[in-house]
Amino acid sequence: MSERMKGRNVLVTGAAGGIGTAIAERVAEEGAAAVVVADVDVDAVEPLADKIASRGLMVLPLVLDVTDEDSWTAGLREVVERVGGLDVLVNNAGVTHRFGILETALTDWQRVIAVNQTGVFLGIKHAAPLMIRGRGGTIVNIGSFASYTGYAAAAYAASKWAVRGLTAVAADELGSRGVRVNSVSPGFVPTPLTSDAAGLVRSFSASTALGRSCQPEDVAAAVVFLASDESSYICGQDLVVDGGFMANATRHLKK
């Protein structure tokens, strides 16, 4: 591995999940100065924290409810006190709900929007000022290929379309102040979040140009690229990591 994260303090939300864990491990491998593994269930990230600490890196397990503004302010205050500042935020925490509009209860809609959309908004709102007062930084939001489609999961798709919009707005607002904002939109990734849709994941994977599923490590590699100096002139963009699923729409037509 190179050291593309050398000297950077990185916070990953939803770090206990498959994609979040892969991102945290990858930024550690890339030489991050400190890795903040944040999750609403801090006990779930303790093994990950121990693994990263075994590399001799500074790691901070952090209790963070991304839907709660007070949790963000308290959590980032602890980050500043413990590691000195923040250079990279990865807004990864997310939930899903695979039902259409007519089958979606308001409470389920609000839960998905709160985590996937409001959580990203609050992360940007509270992390960006730390970066602006410091040495600048990068924010990478985790979206989904669903933000390009009418994917039949009403709340989830709507929240991910919003993430792409928030990314563009934040990039325009913060770029001149030293903070780059981009997003990554993966295809279906086999993780605990998609364990109840194994057949859908297999079908999606078979329909990609590459003929395989998107792995957490594929997403982590894209995140590190966007968080590193290698992408220093990329701002407000969404990097689709879908194995070529959307490259040829006719491939997906029923025979």
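N141 sits in strand β5, which covers residues 137-142. In this predicted model, N141 has a relative accessibility of 0%, so this asparagine counts as buried. Its side chain has a partner, though: a polar contact of 2.9 Å joins the side chains of N141 and T167.

## Salt bridges across the chain

Let us turn to the charged side chains. The model holds 11 salt bridges. One of them pairs R4 with E230, with a distance of 3.1 Å from N to O. This pair links distant parts of the chain, 226 residues apart: R4 belongs to the segment before β1 (9-12), while E230 lies in the loop between α7 (216-227) and β7 (238-241). The surroundings of the two partners are worth a look as well. R4 has a relative accessible area of 18% and is therefore buried, because the cut-off for buried is under 20%. E230, at 51%, is exposed, since exposed begins over 50%.

## A bridge from a loop to α1

Where does the partner of R55 lie? The side chains of R55 and E29 meet in a salt bridge of 3.3 Å, N to O. R55 is in the loop between α2 and β3 (58-63), and E29 is in helix α1 (residues 18-29), so the bridge ties together parts that are 26 residues apart in sequence. Both partners are partly exposed: R55 has a relative accessible area of 41%, and E29 has a relative accessibility of 30%.

Helix α3 (residues 69-83) holds both R82 and E78, which are four residues apart, or about one turn of the helix. R82 is partly exposed at 47% relative accessibility, and E78 is partly exposed with a relative accessible area of 28%.

Which residues form the negative surface patch? They are D41, D43, E46 and D50.

Is I124 buried or exposed? This isoleucine, found in helix α4 (residues 106-133), is buried, with a relative accessible area of 10%. I124 and S231 are 107 residues apart along the chain, and their C-alpha atoms are separated by 19 Å.

F204 is found in helix α6 (residues 198-206). With a relative accessibility of 5%, F204 counts as buried. The C-alpha atoms of F204 and F245 are separated by 7.7 Å, with the two residues 41 apart along the chain.

Note on methods. Residues numbered from 1 in each chain as written. Predicted model: local features only at pLDDT ≥ 70, side-chain atom pairs only at ≥ 80, totals over all residues. Heavy atoms only, no water. Patch = residues over 30% accessible without salt bridge, like charges linked within 9 Å, V, L, I, M, F, W, Y side chains within 5 Å. Areas by Shrake-Rupley, 256 points an atom, 1.4 Å probe, with all protein chains shown as cover. Salt bridge = Lys/Arg side-chain N within 4 Å of Asp/Glu carboxyl O. Lys, Arg positive; Asp, Glu negative; His and termini not counted. Charge placed at Lys NZ, Arg CZ, Asp CG, Glu CD. Helix = DSSP H or I, 4+ residues; strand = E, 2+ residues; numbered from the N terminus. Buried < 20%, exposed > 50% of the residue type's maximum accessible area, 1.4 Å probe, protein only. Polar contact = N/O pair within 3.5 Å; in protein donor to acceptor, adjacent residues only side chain to side chain.
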